[in-house]
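Have a look at the sequence and the fold below. After that, we'll walk through the structure piece by piece, starting at the surface.

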Amino acid sequence: MKKFDFKPFKFRKLSIDEMDDRFLLINLYVTQLIVLLLGVIIMLFQKPSLSAMFSIKGGYWILLWGVAYAAAVLIVDILISRWVPPEVTDDGGINDMLFKNRPLWHIAVMSFIVAFCEELLFRGAVQAAWGPYWTSILFAAIHIRYLQHWLMTGLVFGISYGLGWIYIQSGSLWAPIAAHFVIDFVMGCIIRYRRED
């Protein structure tokens with residue numbers, strides 16, 4: 001039996017200066033495709049069904065849960081950014097590079113794709129098996145760029161736990177998807193349109 005040689009594959013940390021826009025976008029979309037596929041594969045082996053998770057029985061209440069939660073998160077985030085030094089919330093410049101020169105429609109597309117794929121995996125697949133607490137620990141851990149600051153890691157954990165809670169309360173995956181989309185879209189627009197001092 002022939003063994004596979006892993007030596008040619010080397011992983012190393014890239015600095016923001018080594019990345020261009022094309023590389024960053026390809027990385028974002030490929031990562032989200034992997035997240036989506038993982039979520040779908042896991043969900044094939046568990047309950048509830050996809051149709052139950054994407055139920056719209058709650059009507060506009062589902063969106064209200066999502067938008068209300070997103071508004072609360074955005075208020076907390078804006079308050080934190082006012083009183084916390086910028087280096088504590090720094091993600092190494094990735095968010096600036098993603099959103100700074102992006103047209104509004106592309107910010108919306110990126111925000112929806114990320115919200116849909118991540119919520120399908122984390123709330124739809126992982127939370128069904130692990131519950132909101134352990135799912136939130138995993139969610140915070142995969143946001144590697146924030147792990148260097150305990151405040152940002154705690155904030156990502158708290159946001160994730162809240163997304164899990166509104167999923168349980170609303171009974172539909174559309175509530176956390178809507179919340180995740182609004183949070184990412186508004187933060188992307190803030191980065192895109194803020195004035196430089």
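Which residues make the nonpolar surface patch of about 650 Å²? The patch is formed by Leu-33, Leu-37, Val-40, Ile-41, Leu-44 and Phe-45. To be in a patch, a residue needs over 30% relative accessible area and no salt bridge, with like charges joined within 9 Å and nonpolar side chains (Val, Leu, Ile, Met, Phe, Trp, Tyr) within 5 Å. Areas here come from the Shrake-Rupley method with a 1.4 Å probe, and for residues only the protein chains shown count as cover.

A quick note on what you're looking at. This is a predicted model, where local features need pLDDT of at least 70 and side-chain atom pairs count only at pLDDT 80 or more, while totals for chains, interfaces and linings use all residues. Residues are numbered from 1 along each chain as its sequence is written, and side-chain values use heavy atoms, with hydrogens and water left out.

**The overall picture**

The protein chain has 7 helices and 0 strands, so labelled from DSSP runs (H or I of at least four residues for helices, E of at least two for strands) and numbered from the N terminus. Of the 197 residues in the protein chain, 38% are buried. Buried means under 20% relative accessible area, exposed means over 50%, and partly exposed is in between (1.4 Å probe, protein chains only). The protein chain exposes about 12500 Å², and carbon and sulfur atoms supply 69% of that. Looking at contacts (heavy atoms within 4.5 Å) with a separation of 6 or more, 80% are between residues 24 or more positions apart.

**Helix α1, inside and out**

Leu-33 counts as partly exposed because its relative accessibility is 47%. Other residues of α1 are tucked away: Leu-24, Leu-25, Leu-28, Gln-32, Val-35, Gly-39 and Met-43 are buried. These buried residues pack against α2 (50-53), α4 (94-99) and α5 (104-142).

How far apart are the end C-alpha atoms of α1? They are 33 Å apart, which agrees with the 33 Å that its 23 residues should span at 1.5 Å a residue. That expected span is 1.5 Å times one less than the number of residues.

**Helix α3**

Helix α3 (residues 60-83) gets a similar check: its 24 residues should span 34 Å, and its end C-alpha atoms are 35 Å apart, which agrees. Its buried residues are Ile-62, Gly-66, Tyr-69, Ala-70, Val-73, Leu-74, Asp-77 and Ile-80. They pack against α6 (150-170) and α7 (174-193).

**Two nonpolar cores**

A nonpolar core is a set of buried Ala, Val, Leu, Ile, Met, Phe, Trp, Tyr and Cys residues joined through side-chain atoms within 4.5 Å. The largest one has 17 residues, and Met-43, Met-53, Phe-54, Leu-120, Leu-121, Leu-173 and Ile-177 touch the most other members. Helices α1, α5 and α6 each supply at least two residues of this core, and α5 gives the most, with 9 residues. Apart from this core lies another, of 14 residues, among them Val-73, Ile-159, Ala-179 and Ile-183.

Met-43 is worth a click. Leaving aside its neighbours within four places in sequence, Met-43 is in contact with Leu-50, Met-53, Leu-120, Gly-124 and Ala-125.

**Salt bridges**

A salt bridge is a side-chain nitrogen of Lys or Arg within 4 Å of a carboxyl oxygen of Asp or Glu. By this rule the count comes to 3 salt bridges.

| Pair | N to O distance |
|---|---|
| Asp-21 and Arg-102 | 2.5 Å |
| Arg-194 and Asp-96 | 2.6 Å |
| Glu-119 and Arg-123 | 2.6 Å |

Asp-21 lies in helix α1 and Arg-102 in the loop between α4 and α5, so this pair ties together parts 81 residues apart in sequence. Asp-21 is partly exposed, with a relative accessible area of 35%, whereas Arg-102 counts as buried at 6%.

Arg-194 sits in the segment after α7 and Asp-96 in helix α4, so that pair ties together parts 98 residues apart in sequence. Arg-194 is partly exposed at 36%, and Asp-96 is partly exposed at 31%.

Glu-119 and Arg-123 both lie in helix α5, 4 residues apart, about one turn of the helix. Glu-119 counts as buried at 0% relative accessibility, and Arg-123 counts as buried at 1%.
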